Amino acid sequence: MIQSKGSILIADDEESVRNLIRRVLMKMDYTVETACNGEEALAQIQNHGFDLLIMDIRMPKLDGMEAFKVLRIDYPSLPIIMMTAFSTVETTLETMRLGAFDYLTKPFDVSEVKMAVEKVFSSRLGNNDLQNPPQKTASRHIKAFIGSSPLMQEVFKAIGRVSASDSSVLVQGESGTGKELVARTIHQYSSRKNKPFVTVNCGAIPEGILESEFFGHERGAFTGAHQQKTGKFELANGGTIFLDEIGEMSPPLQVKLLRALQEREFERVGGNEKIVVDVRIIAATNKNLRQSILDKTFRADLFYRLNVVSIIIPPLRERKEDILLLAAYFRDKFCGKLGVEPKMISKEVLNVLQAYDWPGNVRELENMMEHALVMGKGQVILVEDLPEEVLNRQKACLAETGTKQETLRSMVKSLEKEVIAQTLQKTGGNKLQTAKLLDISRRALHYKIEEYGLENRENSYEQE
């Protein structure tokens, strides 16, 4: 008889999902039990105990989130994988912040479940006591964080994980992608939430006074220093300091910042007193700092001090499935702000938004929707209500490429479909192996398979 690799409880109100995951995991030599709601899951864990819980968020009687919070208190070392077909920013952030091992969005490929389970059990080898999760904090709504795309779901999961720690974070992304919003969200979900969040834009402050902005100065330290000034690091004591556009900082100041981060103390400009602070560092940049290191404009030791955890925000052009959600959010926001009746967005406008390449990212979309609401006169947002430079840019692109744009796009899609189909055939339909061979994520592969009709949705659960 084959020895069980571990015991797993699956809690989901959908019988088909319970049975599917149960079959898959039993083939992997795990002992598997099931529950159909949160109350039943709690009872089974109290009576039997398990090595892992896989639980849906939305269930009758006691939903997964409430059951999860109870289990974090009573069974802090139990690994939990949460899953849902109704993913939101708040649930993703909160479950990861509370200590979920992973978070799966339905419909998922069973290879994702298998990989997540294997990660749980490999992490427990030689260490049966996983770290206790942080204490629960009140849930917050991060309304400006909109995104259902797989790329943004990964960002939300990363934020949820890192907010439970005190590690330094480097947020990377193009201008307008929301780097400061990421930093504020990490702070709001951290244990420092009731302490200051202080922002320093390293690219906007003149180099001559940046050191004073960071560390403060004593009276008479330089011409114009008529009184003592408290620096940003001192103001942020106990909380978080956000260093925006860190790549713009001069090399001499990089040395002083590195020393302050290493020693957690500094002196005001013109002073001798050692000031000790407790701050969390979150830095952001739209530059490639590794290239800056090669160019000798950014210190490698400072980079590694800041880059303990890296969060990369994708540009809007790479997550176009989020554009309509964002447009609707900003429309509602500015209708309320301007005191106008809610407006519809015409189909022609939606087509422009989807076709546009968004060099200014989410910030540009926000500005565009405000412009349209201010300039539009009717109850429907029309193409002529959009900023003129956007329309001119679209016209120029169409005039330059003409029909070749569609021809090229169709050729690329045809080639991509053929390559995916051939690779699937080569791997016998194994999506995990296919994704590795194609060097894309499993979730990206899943969406491509659906887009090209290579496999119907029901079978997306069945492929092993």
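**A colleague's note on this predicted model**

1. Start with a helix pair: helix 6 (residues 150-163) and helix 7 (residues 179-188) have axes that come within 8 Å and cross at roughly 40 degrees. The axes are lines fitted to C-alpha atoms over the stretch in contact, with angles from 0 to 180 degrees between N-to-C directions. Helices here are DSSP runs (H or I, at least four residues) and strands likewise (E, at least two), numbered from the N terminus. The two helices are therefore oblique to each other (under 35 degrees is roughly parallel, over 145 roughly antiparallel, 65 to 115 roughly perpendicular, the rest oblique). On the helix 6 side the contact (heavy atoms within 4.5 Å) uses Ile159, Val162 and Ser163, and on the helix 7 side Val182, Thr185 and Ile186.

2. A word on the ground rules. This is a predicted model, where local features need pLDDT of at least 70 and side-chain atom pairs count only at pLDDT 80 or more, while totals for chains, interfaces and linings use all residues. Residues are numbered from 1 along each chain as its sequence is written, and side-chain values use heavy atoms, with hydrogens and water left out.

3. Zooming out, the chain has 20 helices and 16 strands. Of its 464 residues, 46% count as buried (under 20% relative accessible area; exposed is over 50% and partly exposed in between, with a 1.4 Å probe and protein chains only).

4. Now the largest nonpolar core, which has 30 residues. Such a core is a set of buried Ala, Val, Leu, Ile, Met, Phe, Trp, Tyr and Cys residues joined through side-chain atoms within 4.5 Å. Phe214, Phe233, Leu243 and Ile246 have the most contacts inside this core, and helix 10 gives the most to it, with five residues. Leu243 touches Phe214 and Leu257, among others, leaving aside residues up to four places away in sequence. Apart from this core lies another, of 24 residues, including Ile146 and Met369.

5. Last, the aromatics. Rings of Phe, Tyr and Trp (its six-membered ring) pair if their centres lie within 6.5 Å; planes under 30 degrees apart are stacked, over 60 edge-to-face and the rest tilted. That gives 10 aromatic pairs. In one of them, Phe303 and Tyr304 have ring centres 5.1 Å apart and planes at 75 degrees, so the pair is edge-to-face. Phe303 is buried at 2% relative accessible area, whereas Tyr304 is exposed at 52%. Phe214, Phe215, Phe233 and Phe266 form one aromatic cluster.
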